[in-house]
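Open the model in your viewer and keep the selection tool at hand. The stops below say what to select and what is there.

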Amino acid sequence: SSPELTTLDTESAHKLFNGQYELALCQRKVRADDVANLQAEGYSNTVARIIAARIPAARRADVEARLSRLTPPQQLPDMDKAVKRLQQALISRQVIGIVSDHDVDGVSSHALLKECLTGFAADEVRIQSWIGHRLKDGYGLSAAVAQRILASEPPPAVVITADCGSSDEPRIQQLQAAGIDVIVTDHHEIPQAGIPASAFACISPARNNSNYKDSLIAGCMVAWLLMAALRSTLAKDQQLPATAADIRHSLDFVALGTVADCVSLARSHNNRAVVRAGLRLIESGTRPCWRSARRYLGEAPHLSALDLAFGIGPRINARGRLDEAMSGVHFLLADSDAEADDLADLLEKENLRRRDIERQLTDDAVDQATQRVAQGHSGLAIWLKNGHTGVHGIVASRLVERFGRPAVCLSPHAFDEETVSASARSIDGLHIQQLLQDIQTAQPSLMSRFGGHAGAAGLSLPRRNLQTFIDRFEAFCSRQLEAAQLGPKLNYDLALAADEISDELLQQLAALEPWGRAFEQAVFISDFKLINSRAVGADQSHLSLYLQAGQQRFSAIWFSALKTGYNVVDNGKPITLAYTPQHEWYKGVRRTKLRIHGQVSN
């Protein structure tokens with residue numbers, strides 16, 4: 001339903017003020033047939049429109065994803081080859097190494113590989129772990145990590161990469177020359193040169209010859225599929241210990257990595273299925289880490305993907321961004337509540353430090369980006385001379401959110417001032433890894449290294465090439481983007497009448513979990529009367545509102561509403577707001593609360 005609103009109509013352009021800047025307000029488009037088909041499957045009109053706007057031609061089975069419909073692991077290339085090699089390593093009691101990236105996807109992949117291999121009869125002392133230091137070593141299987149592997153005693157017979165490896169042929173070649181078989185598990189785009197030729201196996205849905213049709217899964221899902229196939233083979237050959245856990249018990253790690261890596265929860269049935277299943281495991285609190293993490297997740301008895309995205313993920317990420325990421329692996333695999341609590345305290349301390357660094361760098365980046373937008377740039381290449389490579393990605397994401405343009409943040413390498421490190425983030429419609437590939441093709445010597453996927457990428461380059469790269473990035477963005485694609489936007493679903501904001505609607509929305517990338521929470525627009533408001537928060541920048549719509553009254557929170565000195569309308573006056581309704585738990589009582597995205601204006 002779309003009632004007539006006093007300040008919203010379809011003939012005028014509308015803006016949304018979110019407390020800091022204005023966004024374009026865009027209604028999500030749906031096809032009538034898609035809505036009708038979903039209504040025929042039992043969804044209400046409102047919920048059917050929400051689903052159809054995110055998954056065109058969806059069915060109930062696509063939304064309420066089940067593990068029984070997961071794409072089989074054997075459809076991934078080199079799967080059988082990798083399984084046989086690992087089976088041999090386990091039976092022969094060979095040393096197996098694990099190398100992963102330092103973000104949440106890499107850390108959760110590392111934890112599940114270590115847990116599964118140990119459970120499949122590999123003594124823990126024969127499992128070696130490496131995660132490169134973000135600031136010292138860079139991403140993935142770096143030269144420094146390769147040297148540490150080669151110097152290890154005893155050296156591994158097999159190394160599994162997780163959430164990395166596709167772009168690491170030089171290092172893989174070094175290991176292969178030393179007699180170490182490298183099994184790559186990754187989900188990032190394959191470089192133009194092809195898969196790493198020296199790898200024993202390369203398991204990736206991004207390969208051109210992959211029969212696994214879902215290229216949107218995260219790195220942790222690829223690693224889990226390898227372990228699922230290995231467990232199945234060991235069981236078939238009667239080589240699996242009776243104590244080995246069901247492979248589904250590791251789906252909590254897969255859910256965490258999948259949500260944190262911001263892969264699609266709309267176009268991938270596999271992602272929706274593993275996140276739904278993993279959330280229930282995390283909710284059950286069977287691991288010490290999840291019991292410890294509950295302190296950050298509020299009182300709600302049921303967890304959501306947003307709890308992983310904003311409650312757990314950033315704390316694990318912070319350690320890997322600022323220091324070493326192995327603490328995150330230890331936290332996930334903690335044996336006791338006391339160990340998990342100690343590690344959680346460490347992760348929280350690092351997260352608070354990360355926030356301070358991010359806040360300072362974001363202010364600098366926004367100032368620069370504001371000038372570049374005023375100059376007409378379609379892409380934002382921002383030089384942060386006092387930057388911190390560990391928070392580049394977060395700052396770039398803040399720029400994309402605020403200015404609606406692809407952004408790359410660059411700063412000197414922490415241990416080599418002649419090298420520049422950078423992280424890039426993109427908008428819908430521009431594949432950032434492909435953009436970097438186009439730049440590299442046009443000027444092969446410009447970057448030292450790059451990799452990533454459609455929405456995010458990392459790179460490094462010689463300091464002498466900095467200005468050339470900035471010019472190239474902005475030129476290629478301008479060439480590939482139309483003016484209509486630029487600028488911050490908020491997509492909303494429907495305008496709702498007051499009586500449609502109900503507990504029943506909230507329960508219907510909760511049944512659509514998981515929300516996340518490409519399956520964002522529903523946003524509605526309604527007319528309200530403001531009863532009262534007050535500033536809240538440590539810096540008094542947030543706004544707590546009490547609203548009336550018809551005969552109903554609602555509590556609401558508008559984060560950062562007062563950042564720029566915005567004056568809310570007077571008490572008793574009408575106000576049109578964009579918001580997401582949600583359940584809030586306080587002292588065991590559930591209530592409806594509106595999370596405000598901004599005020600609608602012409």
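Helices (H or I, at least four residues) and strands (E, at least two) are DSSP runs, numbered from the N terminus. This is a predicted model, in which local features need pLDDT of at least 70, side-chain atom pairs count only at pLDDT 80 or more, and totals for chains, interfaces and linings use all residues. Residues are numbered from 1 along each chain as its sequence is written, and side-chain values use heavy atoms, with hydrogens and water left out.

**Stop 1: two cis peptide bonds**

Select P154, in the loop that runs between helix 7 (143-151) and strand 5 (158-162). The bond to look at joins E153 to P154: this peptide bond is cis, and its omega is near -5°.

Next select P514. Its loop lies between helix 19 (503-510) and strand 15 (524-536). Here the peptide bond from E513 to P514 is cis, with omega near 10°.

**Stop 2: positive phi in two loops**

Go to C262, in the loop between helix 10 (251-260) and helix 11 (269-284). C262 is not a glycine, yet its phi is positive, near 60°. Is C262 buried, partly exposed or exposed? Buried means under 20% relative accessible area, exposed over 50%, and partly exposed in between (1.4 Å probe, protein chains only). C262 has 42% relative accessibility, so it counts as partly exposed.

Then select Q540, found in the loop between strand 15 and strand 16 (542-549). Q540 is another residue other than glycine with a positive phi, about 55°. Because its relative accessibility is 44%, Q540 counts as partly exposed.

**Stop 3: a helix pair**

Show helix 13 (residues 305-322) together with helix 15 (residues 337-374): they pack at an angle of about 70°, and their axes are 8 Å apart. Helix 13 is therefore roughly perpendicular to helix 15. Axes are lines fitted to C-alpha atoms, for helices over the stretch in contact, and angles run from 0 to 180 degrees between N-to-C directions. Angles under 35 degrees count as roughly parallel, over 145 as roughly antiparallel, 65 to 115 as roughly perpendicular and the rest as oblique.

Which residues meet here? Contact means heavy atoms within 4.5 Å. On the helix 13 side, select P314, R315, I316, A318, R319, R321 and L322. Their partners in helix 15 include L346, L347, E348 and E350. The residues of this contact between helix 13 and helix 15 comprise seven nonpolar, one polar and eight charged. Ala, Val, Leu, Ile, Met, Phe, Trp, Tyr, Cys and Pro count as nonpolar, Asp, Glu, Lys and Arg as charged, and the others, Gly among them, as polar.

**Stop 4: strand 19 and its partners**

Two strands pair if DSSP finds at least two bridges between them. Start with strand 18 (residues 574-586), which pairs with strand 19 in the antiparallel sense over ten bridges. The hairpin of these strands has two residues between them, and K587 there takes a positive phi near 55°.

Strand 17 (residues 552-558) runs parallel to strand 19, joined by three bridges, and S555 stands opposite K593.

**Stop 5: Q599**

Finish on Q599, in strand 19 (residues 589-601). L577 stands opposite Q599. Q599 counts as buried because its relative accessibility is 16%. Leaving out residues up to four places away in sequence, Q599 touches residues including K15, F17, W558, Y566 and I575.
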